[in-house]
Amino acid sequence: MQGATGRAGASIDGDRAVTERVMVEARAVSKHFGGGDQIVKALDAVSVGIREGEFFTLLGPSGCGKTTLLRLIAGFEHPTGGAILLDGADISGLPPYKRPVNTVFQSYALFPHLTVAQNIGFGLQMLGRSKSEIAATVDEMLRMVRMEAMRDRQTAQLSGGQQQRVALARALAPRPKVLLLDEPLSALDLKLRKEMQVELKRLQHETGITFVFVTHDQGEALAMSDRIAVMSEGRILQVGSPHEIYEHPADHFVASFIGETNFLTAAVDGIEAGQVRLRLGGALETVARLPDGMTPGATVTVVVRPEHLRIAAAGAEQGLAATISDVVYLGTDTHYHLRLADGDELFARVQNRPEGGDGWQVGDAVAAIFPPSAVRVLRG
């Protein structure tokens, strides 16, 4: 994990620099609730570094500890053990109002008796900013969230998406070093949620502020994040870019939680020059990625994403014999469920074409083909 907080360099994402400087760091952070036999370990010695200027997502199922970690960064909870650092300084004991951090919650908590502009300026008033600075900042925030025409409206007159923009503008107005977002899109419908994903990413690019985003929705995480931390049972299992997390999952949980995945059992037939040769359903596949500690004869789990699977006529070379058990048409693509001779099941996603589909039907005998480069190996 990252430890140093000096500027060691920068990588460019579009027109925005994400530096190597660590803005937020958790060092062996634990958080326990209750006591005795009833103790709950919400976080178990979590360590992670979040870089300056990046969109970082904490992703996992309910109860995995992601919101607890966010609350520790915000100061709403204090760690049982370990430390929270912000820009190199230990803030573990500081109250929320002394941290240069703002939070946007699932419930936007806007003041219904105030206008849009007054809501945005409220926090600045509490900080004792001058009237001229408040007016200039409110104007800037309204332009940023594209709400200039609604500055004098009551928040009750706004849609859910508009209310969220006001909440974001209010949180960004004091120019915090870090913005924390606790599942802020969960109350929106699907279409608006996707629109707001684009807006959130745009705002983060424009401001350059470090965003720490909490979600259980892997689609949101893949669409918006510079890096993702996948969490389960109070621990971080893997940290990486969306591409790394999706294409090179560290273990079975990550592979199953991120996207849709096929899992097959295979035996290691041999290891040559850093490559693993597998025996899978009677066919041999070569896999370039060699997990540590792999030995011939070991049983492993093979991961193949459904979009990498191709269906061919029965008897095709290097294919696994299968029977189509179900066909689901979804407009943009068709999902084929396949049953192998040994009872294992596979799922293929085939993009639909204007000229029509492949014509496969339930009961057809086929061959499931995937290139060696699509295969990922996990330890049994």
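In what order do the five strands of the open sheet stand, and is their pairing parallel or antiparallel? In this predicted model, the order is E17-E21-E18-E19-E20, and the pairing is antiparallel. The briefing below starts with that sheet, moves on to the nonpolar cores, and ends with the aromatic residues.

**The five-stranded sheet**

- Strands E17 and E20, the latter covering residues 345–351, stand at the edges of the sheet, and because each has a single partner strand, one side of each is left without a neighbour in the sheet.
- From one strand to the next, the twist of this sheet averages 45°.
- Strand E21, which spans residues 365–369, has four of its five residues buried, so the strand is largely enclosed by the rest of the structure.
- E21 pairs with strand E17 (residues 310–313) in the antiparallel sense over four bridges, and in E21 the residue Ile369 stands opposite Arg310.
- E21 is also joined by four bridges to strand E18 (residues 320–329), again running antiparallel, and here Ala367 of E21 stands opposite Ala321.

**The nonpolar cores**

- The largest nonpolar core holds 35 residues, of which Ile120, Leu168, Leu179, Leu181, Leu200 and Phe211 touch the most other members.
- Two or more residues of this core come from each of helix H2 (116–126), helix H3 (131–144), helix H4 (160–172), strand E9 (178–182), helix H5 (190–207) and strand E10, and the element that gives the most is H4, with six residues.
- Leu179, when residues up to four places away in sequence are not counted, touches Asn102, Thr103, Val104, Leu168, Ala171, Leu172, Ile209, Thr210, Phe211 and Val212.

**Aromatic pairs and a charge over a ring**

- Five aromatic pairs are found when the whole structure is searched, and one of them joins Phe55 and Phe213 in a tilted arrangement, with 5.7 Å from centre to centre and 50° between the planes.
- This pair links distant parts of the chain, since Phe55 belongs to strand E5 (residues 55–59) and Phe213 to strand E10 (residues 210–215), and the two residues are 158 residues apart.
- Phe55 and Phe213 are both buried, and together with Phe211 they form one aromatic cluster; Phe211 is also among the residues that touch the most other members of the largest nonpolar core.
- Phe253 and Phe257 form a stacked aromatic pair, with 5.6 Å from centre to centre and 10° between the planes.
- Because Phe253 and Phe257 are four residues apart in helix H8 (residues 252–257), about one helical turn separates them.
- Phe253 has a relative accessibility of 25%, and it therefore counts as partly exposed, given that buried requires a value under 20% and exposed a value over 50%.
- Arg305 lies over the face of the Tyr246 ring, at 3.9 Å from the ring centre.

Terms used:
Residues are numbered from 1 along each chain as its sequence is written. This is a predicted model: local features need pLDDT of at least 70, side-chain atom pairs count only at pLDDT 80 or more; totals for chains, interfaces and linings use all residues. Side-chain values use heavy atoms; hydrogens and water are left out. Buried means under 20% relative accessible area, exposed over 50%, partly exposed in between (1.4 Å probe, protein chains only). Two strands pair if DSSP finds at least two bridges between them. Rings of Phe, Tyr and Trp (its six-membered ring) pair if their centres lie within 6.5 Å; planes under 30 degrees apart count as stacked, over 60 as edge-to-face and the rest as tilted. A charge sits over a ring if NZ of Lys or CZ of Arg is within 6 Å of the ring centre and within 35 degrees of the ring normal. Axes are lines fitted to C-alpha atoms, for helices over the stretch in contact, and angles run from 0 to 180 degrees between N-to-C directions. A nonpolar core is a set of buried Ala, Val, Leu, Ile, Met, Phe, Trp, Tyr and Cys residues joined through side-chain atoms within 4.5 Å. Contact means heavy atoms within 4.5 Å.
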